[in-house]
Amino acid sequence: MLRTATHTTQIVTVEFADGTQARFHAIWLRDNALDPDTRAPGNGQRLITIGDIPANVSVSAAEVLNGDLSVTFQPEDKTVTFPARWLADHIYDRDPAQQMGRLAPGLTTWESTLTPPSADWNAVHVDPKAKRDWLAAVAEFGFAKLTGGPTEPESLLQVAELFGYVRKTNYGPYFEVRTEVNPTNLAFTGLGLQAHTDNPYRDPVPTLQILYCLENSAEGGDSVVVDGFRAAEKLRDQNPDGFALLAGYPARFEYKGEDDVCLRSRRPMIELSPDGELVSIRFNNRSSAPFVDIPFDRMEAYYAAYRQLGDIIDDSAMGVSFKLEPGESFIVDNTRVLHARLGYSGTGSRWLQGCYADKDGLLSTLAAMEMAQPEAAE
Ligand code: FE2
């Protein structure tokens, strides 16, 4: 509900029932008009271009009607209603958060004390709330386990189908993670692996990874996940200049471990949006290529920051570890959460299958479920 509305020719100022005030520009309101000539009633897509809006757009009237905002635009002499709730959801009149490396809304960073978010295979298939909570955990924490699943090969593909689609790569629709005599990739040996994000040499990088356990009787081989955003926050607090270096210059990543494959990317280890929000982390010693985009006189400082970020990531206080049992899997947001594997012995067997999927599809499924069941999203 709106309490009041005042205006100049270029700005409308509203006060909501809770006392919140917000300003909206004439051009912004006209562009976002909700009438059927501006927005298609069926799919909600905009029917006008920026050029269709008169450059001299202005507000000739703004008033509260039944708790909502009614605005008349000139020179079109067009009157449009904006629901108060819609306005409240789209306020942009606030102090811009300028902190470099800040988190996007809805994210919670964590360290080793976090209990891994987990859901049950059967529950997420039959209970929409269980499925929504599972997807919401991936969105908020960047990873979640799924337990109690089948131990059949390719079950991981069913995990992806719960929210989206598998992203095929040169490794196929999925890949095997088990000891090989002549590995094409160090992931396929029994060596421990430092925490890393997968495939930073792709652009775009795979945004989700699913790792699904089929056998795990070998000694060791625990999975470890590390919150790369928490690591970035720590680096920013301990060494702001180093943080700015890793965010400010592209690293290079490359993979050419197979015939006919030569994947390369030029992206920063810490990627920020233009206004400073954390977007993604790329950290992978195995596929880092020579860095050639850092100025000569900053290279040593860049390496010092890289080392410091690695030390933070390797700190045992950061990682959440668990041993997957057959039929258990986990999803990681590969733009944020690093995964590691402790070394394992050659006795017994360890067989995981992995695949990639897209985070936008997961977030879309989650958002659609939250819109369909808003009362259950509390
Ligand atoms: Fe990996």
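Modeller: One begins with burial: a residue counts as buried when its relative accessible area is under 20%. The model shown is predicted. In this predicted model, strand 13, residues 223-227, is mostly covered, with five of its five residues buried.

Colleague: Which residues of strand 13 point one way, and which the other way?

Modeller: In a regular strand, side chains alternate between the two faces of the sheet. Here S223, V225 and D227 point one way, while V224 and V226 point the other way. Residues of both sets are buried.

Colleague: How many bridges join strand 13 to strand 18, and how many join strand 13 to strand 20?

Modeller: Two strands are taken as paired if at least two bridges are found between them. Strand 18, residues 320-322, runs antiparallel to strand 13 and is joined to it by three bridges. Strand 20, residues 337-341, is also antiparallel to strand 13, with five bridges between them. V224 illustrates both pairings: its bridge partner in strand 18 is S321, and in strand 20 it stands opposite A340.

Colleague: Why are H196 and D198 classed as buried?

Modeller: The cut-off is under 20%. H196 is classed as buried because its relative accessible area is 3%, and D198 because its value is 9%.

Notes
Residues numbered from 1 in each chain as written. Predicted model: local features only at pLDDT ≥ 70, side-chain atom pairs only at ≥ 80, totals over all residues. Heavy atoms only, no water. Buried < 20%, exposed > 50% of the residue type's maximum accessible area, 1.4 Å probe, protein only. Helix = DSSP H or I, 4+ residues; strand = E, 2+ residues; numbered from the N terminus.
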